[in-house]
Amino acid sequence: MEAGNAGSNEEVPTSWEELYNINLIPTEVFLKFRKEIQGYRVGVNLELYNAPMNDYHAKLVLKPLAYERRWKFIYEPLHQDVQLVSKKIPITKFLNLQVGVGHNFQLHATGWKWKLTTCLGGDGVSRIRNKTSLGLSPGVDFRFGWRADYVLPEITGALGTDAPLFNMNSGRLQASLDRIEAIFTNYDTTQLIPEIHSQPD
């Protein structure tokens, strides 16, 4: 009986708004300007953050365009920070590893960083994290980073125990639009103009 009472005293959402919530106000807004030159992409990123605190980052990014590229170079002039970051290395189907080395000229410090990323979550709550791209025209793209934390509904029951004969858990969904990126790319014209070969008559 005590176990049943303890379970009934747990704080649970009492309204559908708390159980199913979708937040369409992004916490990050990025403007990316890119120029592709002879196999490399040079970019200027303007990154605005409004949660958990208002912040602003400006970055210069250089990386090769080859599919097998292994790295990208990032320089933040406001923070005087330089980073050389690897591409995401797949460890499993849903787990990636990224490593990098950086130097901060203000602090005169050099260090290594590593990050494990996944699109799934745990602790009884499943998570989907994804990015959706939308191309409006050649050279103009929008990318939306979104997240969904959810618990699937379940129906349980019991007979001859302290548990109720019938119980339904309506589940939970917390979804949010975390990031909006506007990407403007100026392509290398030599890659867009096909070669014309003339042959003698």
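I started at E181, which lies in strand β14, residues 172-186. Helices (H or I, at least four residues) and strands (E, at least two) are DSSP runs, numbered from the N terminus. This is a predicted model: local features need pLDDT of at least 70, side-chain atom pairs count only at pLDDT 80 or more, and totals for chains, interfaces and linings use all residues. Residues are numbered from 1 along each chain as its sequence is written, and side-chain values use heavy atoms, with hydrogens and water left out.

Is E181 buried or exposed? E181 counts as buried, because its relative accessibility is 1%. Buried means under 20% relative accessible area, exposed over 50%, partly exposed in between (1.4 Å probe, protein chains only).

I then checked its polar contacts (a pair of N or O atoms within 3.5 Å; within protein, one must be able to donate a hydrogen and the other to accept it, and residues adjacent in sequence count only if both atoms are side-chain atoms). The E181 side chain has one with the K32 side chain at 3.1 Å. Another joins the side chains of E181 and R179, at 3.1 Å.

Next I moved to strand β6, residues 81-86. Five of its six residues are buried, so β6 is largely enclosed by the rest of the structure.

Which strands pair with β6? Strand β5 (residues 71-76) does, antiparallel, over six bridges. Strand β8 (residues 95-104) does too, antiparallel, over five bridges. Pairing requires at least two DSSP bridges between two strands. I noted F73 opposite L84 in β6, and V82 opposite H103 in β8.
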